[in-house]
Each structure stands twice: as structure tokens, then as C-alpha cells.
Amino acid sequence: MKEEKNLEINVSLNIEAVHSAAMNASDLRNVAFEVPCVNPRELTIDSKVYGFRIVPVDDQVKQLGDDDARCIAVQSTVVDSLDKNQREGYITVNGRIDVPMTHGKMVQLEEVFLANEEDAYAIAEVLTEVELQKAMDIVAKKQKVVDFLKEQLDNKRW
């Protein structure tokens, strides 16, 4: 009698690596990390993929500049079409999203596409926490300047 063995493999996010990549990047546009991206060979019509977009915090800003505050938006996309012929080494979803055929390479945030909504939200949460910490550090530095200048005025020291 032959005994069958089932092997189950679970790929999980390394949240610490995502956090480290975000901390070491100059801004969200430069965050690059390895994540278990969607396997394009498993994509079918009506599958969902989850990607990221970097958007300005101020909705009046139309084009992000270097000094603009930014945040993460998770975008879910339902697969309507798949094309292997648009870009070599990629499957193009809906004519506009290029998903790499191979895994295990460093990708920038806006090139990450996941099959799991929870993973996308976990990454967005970590990146938002890092951006908040960076913003709070800037506010603390600016507050020191404000306090110094206020003291200068109050004591009439020039």
C-alpha cells in the first residue's frame, strides 16, 4: 500500500523586512522589497489582484512633488483580460498592469501586485506607520525651531 503525503506551503509576509525597506527609503516612491507577489500562472478571468498607488495627502495636489506629503492607496482590480505578448517576462492584466512571470526579485511599491487582500492591507498599514513616524520626526524638529524663535522674540534677543 502506497502512502500519500501532502505538502502544504504557506508563503507569508515578512513585515519586518517591509518596515525596514520603508525606513531606509528616502520616500515611498523608492521603497523596494521582496514580497510574495501574485503568481500570474494562477490568474484567471474574475481573479482579483491588489496593488498600491502613492497618492498625495492633500487632495488639491495633482502631481506629487518631492516635499508633498503622501500616503498609500490599496487598489483592487478584477481581472478582465490577460495577455502574455505585450511585455516579455510579464503577464499584462487588463491591458495596463504588468505582473512579472518570475518571483524573488526586488520590486518597487507600485510594481507589487498581491493575490491576498489581507497582505495588501498589512503592507499599507506598515508603510503608513513609517510615513507617520517620519512626519512626526519632522514636526518635532520644526517645533524646536519654533520654540527657539519664540524664546528669541519673548526675550528680545537678536
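**Figure 1. Confidence across the elements of the predicted model.** Among the elements of the protein in this predicted model, mean pLDDT is lowest for strand 1 (residues 32-33), at 80, and highest for helix 2 (residues 117-154), at 93. Over residues 5-11, by contrast, the pLDDT falls below 50, and beyond near neighbours in sequence this stretch has one contact in the model. Where pLDDT is low, the predicted coordinates should not be read in detail. For the protein as a whole the mean pLDDT is 84, with 90% of the residues reaching 70 or more.

**Figure 2. Overall arrangement of the helices and strands.** The secondary structure of the protein consists of two helices and eight strands, and along the sequence these elements follow the pattern α-β-β-β-β-β-β-β-β-α. Of the 158 residues of the protein, 32% count as buried. When contacts with a separation of 6 or more are considered, 60% of them are accounted for by residues 24 or more positions apart.

Figure 3. Three strands make up an open sheet in the order 4-5-6, and their pairing is antiparallel. Strand 4 and strand 6 are the edge strands, each of them pairing on one side only. Strands of a sheet pair through backbone hydrogen bonds, either parallel or antiparallel. In this sheet, strand 4 (residues 82-83) is joined to strand 5 by two bridges, while strand 5 and strand 6 (residues 97-100) pair over four bridges.

Figure 4. Towards strand 6, Ile91 stands opposite Val99, and Val93 stands opposite Ile97.

**Figure 5. The two hairpins that share strand 5.** Strand 4 and strand 5 form a hairpin that has six residues between them, and Gly89 in the turn carries a positive phi of about 85 degrees. In the hairpin of strand 5 and strand 6, three residues lie between the strands, and Asn94 takes a positive phi near 55 degrees.

Figure 6. Leu114 belongs to strand 8 (residues 113-114), and because its relative accessible area is 1%, Leu114 is buried. Apart from neighbours within four places in sequence, Leu114 is in contact with Val35, Pro36, Cys37, Val38, Lys48, Val49, Tyr50, Phe52, Asp119, Ala120 and Ile123. Leu114 and Gly51 are 63 residues apart in sequence, yet their C-alpha atoms are 6.5 Å apart in space.

**Figure 7. Gln152 in helix 2.** Gln152 lies in helix 2, and with a relative accessibility of 18% this residue counts as buried, because the cut-off is under 20%. Leaving aside neighbours within four places in sequence, Gln152 is in contact with Arg157 and Trp158.

**Figure 8. The largest pocket and its lining.** Rolling a probe the size of a water molecule over the atoms shows where empty space is left. The largest pocket holds about 300 Å³ of space, and its lining is formed by Ser26, Asp27, Val57, Asp67, Asp68, Ala69, Arg70, Glu131, Leu132, Lys134, Ala135 and Ile138. Helix 2 gives the most to this lining, with five residues. By class, the lining of the largest pocket has six charged residues, five nonpolar residues and one polar residue.

Notes: Residues numbered from 1 in each chain as written. Predicted model: local features only at pLDDT ≥ 70, side-chain atom pairs only at ≥ 80, totals over all residues. Heavy atoms only, no water. Pairing = 2+ DSSP bridges. pLDDT = per-residue confidence, 0-100. Contact = heavy atoms within 4.5 Å. Buried < 20%, exposed > 50% of the residue type's maximum accessible area, 1.4 Å probe, protein only. 1 Å grid on protein atoms, 1.4 Å probe; cavity = no way out; pocket = protein on both sides within 12 Å on 5 of 7 lines; lining within 4 Å. Points joined across faces, edges and corners; volume = space filled by probe spheres on them. Nonpolar A, V, L, I, M, F, W, Y, C, P; charged D, E, K, R; others polar.
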